[in-house]
Amino acid sequence: MKYMNKEEFEKANMFGTGVPNEMFAQYFIGDSFLNPLTKPGEAPVFLANVTFELGCRNNWHIHHAESGGGQMLICTAGEGWYQEEGKEAVSLHEGSFIYIPPEVKHWHGAKADSWFSHIALEIPGENTQNEWLEPVSDEEFSKL
C-alpha cells in the first residue's frame with residue numbers, strides 16, 4: 001500500500017521509524033531512518049528497520065564476504081524498489097522478501113510516491129564489508 005502522508009505511514013510502520021540515519025546519509029539520496037531491533041554483539045545477527053521517505057534510495061552497493069554474508073530484506077510498510085545490476089527493478093510492498101547474495105551490486109529504496117520500510121538482516125560471514133558505489137541517478141530512478 002502506498003503512503004504519501006507520513007502520519008498515515010507511521011500507523012502502518014509497526015517496527016518504528018527510529019532516528020535519522022546520519023551515519024550513512026552520504027550513501028542515500030533523500031532522508032532515511034534507522035531503528036535497530038537487535039544490539040550488535042548481543043544477537044547472532046543484526047536486524048534494523050530502515051525507513052525511506054518518498055523517493056529516497058541508497059547508492060548502488062555490494063555486500064562483500066569471503067564466505068557467508070549477504071543481506072535479507074523483509075518489507076514491512078509502504079512501497080519500494082530493489083534492483084540488481086543488469087536486471088529489471090523489482091516492485092516491493094508489505095510482505096515482500098528479498099535475498100541479496102554477497103558480491104551482487106544492487107540498490108533499494110522507496111518509490112517516488114510512497115514512504116517505505118524494510119527490516120534489513122545482515123547475514124553473518126567471514127570478512128564482511130559493504131562497498132558503497134555511485135548514486136542511482138534521478139534520470140534512472142524516474143524511469144521506474
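Analyst: Helices (H or I, at least four residues) and strands (E, at least two) are DSSP runs, numbered from the N terminus. This is a predicted model, in which local features need pLDDT of at least 70, side-chain atom pairs count only at pLDDT 80 or more, and totals for chains, interfaces and linings use all residues. Residues are numbered from 1 along each chain as its sequence is written, and side-chain values use heavy atoms, with hydrogens and water left out.

User: What makes up residues 50–112, in terms of helix and strand?

Analyst: That span is 60% strand and 0% helix, and its end C-alpha atoms lie 17 Å apart. UniProt lists residues 50–112 as "domain: Cupin type-2" in an unreviewed entry; its positions are given in the numbering used here, feature names are shortened, and annotations may be inferred rather than shown by experiment.

User: How do you know how many disulfides there are?

Analyst: A disulfide is a pair of cysteine sulfur atoms within 2.5 Å. The sulfur of C56 has its closest cysteine sulfur in C75, 14 Å away, so that is too far for a bond. By this rule the count is zero.

User: What makes a set of residues the largest nonpolar core?

Analyst: A nonpolar core is a set of buried Ala, Val, Leu, Ile, Met, Phe, Trp, Tyr and Cys residues joined through side-chain atoms within 4.5 Å. The largest one here has 14 residues, and those with the most contacts inside it include F52, L73, Y82 and F116. At least two residues each come from β4 (46–52), β8 (71–84), β10 (97–100) and β12 (116–122), with β8 giving the most, three. Apart from this core lies another of six residues, among them A89 and W107.

User: Which residues is Y82 in contact with?

Analyst: Contact means heavy atoms within 4.5 Å. Leaving aside neighbours within four places in sequence, the contacts of Y82 include L73, L92, I98 and I100, as well as A89 and W107.

User: Which residues lie nearest the centre of the largest pocket?

Analyst: F24, F46, Q71, E122 and N130 do, out of 29 lining residues. β4 gives the most to this lining, with four residues.

Note on methods. Buried < 20%, exposed > 50% of the residue type's maximum accessible area, 1.4 Å probe, protein only. 1 Å grid on protein atoms, 1.4 Å probe; cavity = no way out; pocket = protein on both sides within 12 Å on 5 of 7 lines; lining within 4 Å.
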